[in-house]
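Please examine the sequence and the structure shown below.

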Amino acid sequence: MQGPKRQGRRRSAAKPKVCRFCEAKVNYIDFKDAETLMKFQTEKGKIMPRRITGNCLDHQKMLAAAVKRARIIALVY
């Protein structure tokens, strides 16, 4: 015999995430723009993954490089 059936939560259809940088037609992510870079970091300073931010591969690579450069000159932590 099986126990009572568990009521699982139903997931709603997730809307597709769109790269903000592609929408704005950004060709280069500037490492001196600390406010933008902070939006893509956790509270501890880690870079958020693509699956959460919705960035495309090219912009995620540019973002990671910009964050790392900004860390070196202490604009972000």
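The structure holds zero disulfides, a disulfide being a pair of cysteine sulfur atoms within 2.5 Å. C19 is in no disulfide, and the nearest cysteine sulfur to its own belongs to C22, 3.8 Å away. C22 is likewise in no disulfide; the cysteine sulfur nearest to that of C22 is the one of C56, at 3.6 Å.

This is a predicted model, in which local features need pLDDT of at least 70 and side-chain atom pairs count only at pLDDT 80 or more, while totals for chains, interfaces and linings use all residues. Residues are numbered from 1 along each chain as its sequence is written, and side-chain values use heavy atoms, with hydrogens and water left out.

The table concerns burial. Buried means under 20% relative accessible area, exposed over 50%, and partly exposed in between (1.4 Å probe, protein chains only).

| Residue | Relative accessible area | Class |
|---|---|---|
| C19 | 6% | buried |
| T53 | 12% | buried |
| C22 | 38% | partly exposed |
| L75 | 39% | partly exposed |

T53 is found in helix 3, residues 50-53; helices are DSSP runs (H or I, at least four residues), numbered from the N terminus. Not counting residues up to four places away in sequence, T53 touches F40, M48 and Q60, where contact means heavy atoms within 4.5 Å.

L75 lies in the segment after helix 4 (57-72). Together with I72 and I73, L75 makes a nonpolar surface patch of about 310 Å². Such patches are made of residues with over 30% relative accessible area and no salt bridge, nonpolar side chains being joined within 5 Å. A salt bridge is a side-chain nitrogen of Lys or Arg within 4 Å of a carboxyl oxygen of Asp or Glu.

Note on methods. Patches are made of residues with over 30% relative accessible area and no salt bridge: like charges are joined within 9 Å, nonpolar side chains (Val, Leu, Ile, Met, Phe, Trp, Tyr) within 5 Å. Accessible areas come from the Shrake-Rupley method with a 1.4 Å probe; for residues, only the protein chains shown count as cover. Helices (H or I, at least four residues) and strands (E, at least two) are DSSP runs, numbered from the N terminus.
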